[in-house]
Amino acid sequence: MSYIIEGATGPWELVIGLEVHAQIISRAKLFSGASAEYGAPPNSQVSFVDAGFPGMLPVINAECVAQAVRTGLGLNAQINLVSRFDRKNYFYADLPQGYQISQFAHPIVGKGEIEILLESGETRQIGVTRLHLEQDAGKSLHDQDPALSFIDLNRAGVALMEIVSEPDMRTPEEAGAYLRKLRTIMRYLGTCDGNMEEGSMRADVNVSVRKADEEFRTRCEIKNVNSVRFVMQAIEAEARRQVAVWESGEAVQQETRLYDPARSETRSMRSKEDAHDYRYFPDPDLLPLVIEQAWVDGLASGLPELPDAKKARFMSRYGLPAYDAGVLIMEQATADFYEVLAEGRDGKIAANWMLGDFFAGLNRLGRGIGDSPVSAAALGGLLDLLADATINGRIAKDVLEAMMETGEPAAAIVESRGLRQVTDTGAIDAAVEKVLAANPDKLAEYKSGKQKLFGFFVGQVMKAMAGKGNPALVNDALKRRL
Amino acid sequence: MTDTLDFTIAGARNALRAKTISARELTEAHLAAIEALEPSLNAFITVTPETALAAADAADGALARGEGGPLAGIPLAIKDLFCTNGIRTTAGSRILEPFVPPYESTVTRQLLRDGAVFLGKANLDEFAMGSSTTTSAFGPTINPWQRQGSNTQLVPGGSSGGSAAAVASGMALGSTGTDTGGSIRQPASFCGIVGMKPTYGRCSRFGVVAFASSLDQPGPFARTVEDAAILLGSMAGHDPRDSTSMDWPVPDYAAACRRGVKGLRIGVPREYHADGMPAEIERLWQQGLDWLRDAGAEIVDVSLPHTKYGLATYYIVAPAECSSNLARYDGVRFGLRVPAQDLTDLYEETRAAGFGAEVRRRILIGTYVLSAGYYDAYYLKAQKVRALILKDFTDVFGQVDALLTPTAPSAAFGVGENMDDPVKMYLNDVFTVPASIAGVPGISVPAGLDGDGLPLGLQVIGKHFDEETVFAVGQALESAAGFSAKPQIRVGSLR
C-alpha cells in the first residue's frame, strides 16, 4: 500500500485531500426556477435571477436541499438542521451577481466518511470534512471570436455540492478510489450523475509531501481536474515537483496550480499573494436554512440500498470475496445485472463469469452494461447449460463470444453449432486411441516417466473431439488407458 | 384645479365613485401639475403621461362597471428604485440610465392590481444612498418648501426626495419610497407630509433595486396618515419571491387609524435628546407628547441605551451590503457599458463612469469593512451591536406600545449645504436609523413649523408587524396638530 517517492534525501510520503464539486440532479436551479438541464442552446435557461438583474432575489429550491441531505446521509455524515448561506464576492464575467452564494461558515452537512477499496483488496476509511450547497457560475467561451469572450449563463445558478475530504489519502490510487466511490454513492442516491467529462463532477486536489512522521508541509491546490485518471497523474506529477523543490533547498509556495495532461506537469495559476479576498458575509437576501429532523428522517427512510450495504449483502448472501463484491457494486446497473444473474445460481461462478469473460467481451465491443447485447437472463442461460453439463467450460467461452456477436441465446447457439458436450465414453475412448496411435514417441516418453505429458494428451483428445469432450471423462479415459 | 389637487386619496376615491370626477380628469390635472412644477422641482426622472392616461381610462371603465380596485384611478409617483415593466428604471444612477426592466416589482404590481395610475418615476439619491436627493445623476430635487422671506433652494431630504416633493407639491396624491436608514421618514419630515416605513419583511423587496438588503423596506408617502394606511394596505403582503418577506396577514390599516390612543403607553427614549438639537424641535417633541397624553395615552420615560451606536453600526452594515449588491453593475449584461480592451478595464471604466462619488465612497467603505483582517473589527462587531440595538427595542416594547421621537435633528437645509462633510450628512439619519437596524416600523407625521416656516415631523416607532398601533398614534398626532401649512412651490402658486 505504501506509496513513497524516493528522493535524493530519502523517502517522501504524499498527503492528499480532495474538494469535489458535484452538480446536483434537480429540475430547477438552486435559487431560481430556470431549468438546470445540461446541453441546451447557450443562454436558453437563464432567469433574471440567474443573470443578476436589478431587484432579483434568490429563493431556495427545496429539492436541492433534499439532494444535499441525501448525499450527506449516504456519507454517514452529520446533518446540520440549521445552516446558512454566505456571499463569496469576486468579479468575473460569467458570475452575474458579482458574488457566488455558498455556505462558508455553516454548511448543511458536517463530518462523514467514505470507505474506499484498493487493488490489494484492502479497505480504508477516508474522512469527509463537510458538504455544502453553492451555486455554479456560468461559462466563458474564449474561442468563439478573435477579440471577444462569449458568456453562456445556462450553468449560472445550477446547484452544486462541494464535498471536502480530510487530508487522509496517501497515494494516487487512494485518491482515485475515493473519487470513484464518492461517484458511486452519489449515483446510487441519484443526487449527481458524476460525469466528469461533462463537468458535472469536478475535483480540486490538495497535495503536499513530507518525510515520515512529520507535520504537514505546505500544500498546493490543483484546480479543476476533469477525470479520475488525470487526478491520479496530477498528484504524482505535483508530488515529484514538490520533492524536487524541497530537495533543491527551496520551499514549496502555497499556490493554486493547473494540471496539463499533455505534458504531465502542473503549472502555477496564481500565488497566495494574488489570491482573492472573497469578503464572505451572510447573504442578507436569505434567511438561515432551517430543516426538521423529521424531514431528514423521511429522506433517510426513502434512500436506496447504499453501496457498502450492498457489498456486505453480496458477500454474505452469495459468498463473494470482498474485492469481487466491491467491483460488482461500483455501478448500480452492474449490481442489478449481477443479482438477476446470481438468482438461483452459484453466486461465485456467476461473479467469475461476469467479471471475467463477460466484461472482457463488453470491453471488446466498446459497450457498457446498459447496452450489453447479452442480458442477465441470457447470460444465466449459458451458466445453466454449463451447470447441467450440456457444455463444458471451454465451449462455454466460445458460446459467450458468439452470444456477444449475434445476440442469440446460448441454447440456440449450442444446438445450431452442435456444441453439446460428448459424454459417450465409447466416443471418448475412440478419440484416445486415435491420439495415442498418432503420437507413439510421446507415449514412449510418458511411459518412461515424463508425467507432464498427460496434459498434452488431454489437449490432443479435446482437439480431436473439437473441444466438446467432457473434460472429466476425457481425464478418466486417458488415466485408464495410460 | 387647486381643489382637484387638494384631494386626499380617501377623498378622491369617494369623488371617483360618486362620478363627480373621472380618473382621466384627475390624472390630467396631475400631469398638468407636473408640467408646471417640474422645471422648479425636478421631482421626476421619467414622466409617463401615455401609460398614466391609459391606466386612468381603464380605471374609469372599471368604475363605470361598478368594479375597480381600492386604488382605481389614484395617481401615484413611483420611486425610480422600483422596477417597472417596460418603463425605464434608473435608481438615480448613470449606470442604469438606459435600463428598461422586463419585469414589475411586487409592490408596484400590487398597486397596479388595485387600479393605481402611475404618473412616472420619482427622483432619488443615487441607489438610495443619501439624505438630500442631491446625489442623483439626474440632478437634485428641490424641496417645494422655502424659508420665509428666502428663495434659497432647499433639499427635500432623501433618498426618496422626489417621491416626497411630488406629494407635497400636489403633483401626485401619493407615492412609493424605500427606507434603508430613514429614506422615507426624513424626506416626509422635510416636505411636511406623512411617510411610513413598515416592518422589515412587510413589503416585498422583489424588483426593488437593492441598496442594503437587510435594511431596505418599501413604504408609502401621502398627505394624510389615513392615505398612507390605504397605500400600505395595497403594497404589503407576503411574496414567495422574497425570502425575507413575512407570511403574515395584512390588517385593515385604514381602520387602525381610527382606533385612538386611549390607554396606550407611549415611550420617550431619553437617548434621543441629542446634543445640539434645535430647541424648537425639543419643544415640538414635548408638544407631541402633550397631544398624546391629552388624547388618553400614558407617557413613559424609557431608555434605548445603544442608540448612540446606531449610526456607526448602520454605516458599516449598509455599505458592506451595498458593496456586494452593486457588484452586478459591471457593464456585461445591462445598463451602461464603457467599451474597453479587457475585462478588468471594462469593469473599471464602466463603474468609474457609471457611479457617482457617494456610491463609490460607500462601495469602498463596504469593501474595506468586509476585507480579510478587518471583518472582525468592523462587520462582525457591527452585527453584534445590531443585535444589542434590536434587544433595546424588544426590551422597551415590553413596557410600552410605541415610541415618540423627532424624525430628524433639523428642518430641510439648503442645496449644497452639508455636501463637503459626509459625516455631517449622515447625522440626518440619527433618529431614523435605529428603527431600521431593529427592523421595526416607523412613521413621520408633520407636526409643526420651525422659526423659518419649514415643516418638522415627529416619528412614531412601533413593534414588529404592529403598523396598526403606529398608524393609530400617527393619526392622533395628525388630528391634534391640525397641520395645514402649504409649501411655497405647489400647484396654484405659479398661476
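**Helix crossing, domains and aromatic contacts in a predicted model**

The crossing of helices α12(A) and α14(A) is right-handed, a crossing being right-handed if the near helix is turned clockwise from the far one by less than a right angle and left-handed if anticlockwise. The structure is a predicted model, in which local features need pLDDT of at least 70, side-chain atom pairs count only at pLDDT 80 or more, and totals for chains, interfaces and linings use all residues. Residues are numbered from 1 along each chain as its sequence is written, chains are lettered from A and ligands numbered from 1 in the order in which they are written, and side-chain values use heavy atoms, with hydrogens and water left out.

The two helices span residues 425–438 (α12) and 454–464 (α14) of chain A, and their axes come within 9 Å and cross at roughly 120°. This angle makes α12(A) oblique to α14(A); angles under 35 degrees count as roughly parallel, over 145 as roughly antiparallel, 65 to 115 as roughly perpendicular and the rest as oblique. Axes are lines fitted to C-alpha atoms, for helices over the stretch in contact, and angles run from 0 to 180 degrees between N-to-C directions. Helices (H or I, at least four residues) and strands (E, at least two) are DSSP runs, numbered from the N terminus.

Chain A comprises domain 1 (4–299), domain 2 (305–416) and domain 3 (425–481), with bounds from an automatic or database domain assignment. The C-alpha centres of domains 2 and 3 of chain A are 32 Å apart.

Over all chains, 35 aromatic pairs are present; rings of Phe, Tyr and Trp (its six-membered ring) pair if their centres lie within 6.5 Å, with planes under 30 degrees apart counted as stacked, over 60 as edge-to-face and the rest as tilted. The pair F53(A)–Y103(B) is edge-to-face because its ring planes stand at 65°, with the centres 6.3 Å apart. F53(A) belongs to the loop between β2 (10–23) and α1 (62–74) of chain A and Y103(B) to the loop between β2 (75–79) and α5 (106–113) of chain B, so this pair joins two chains. F53(A) is buried at 13% relative accessibility, and Y103(B) is buried at 7% (buried, under 20% relative accessible area; exposed, over 50%; partly exposed, in between; 1.4 Å probe, protein chains only). Ring pairs link both residues into a cluster whose members include F48(A), F99(B) and F127(B).

G86(B) also lies in the loop between β2 and α5 of chain B and is exposed, at 52% relative accessible area.
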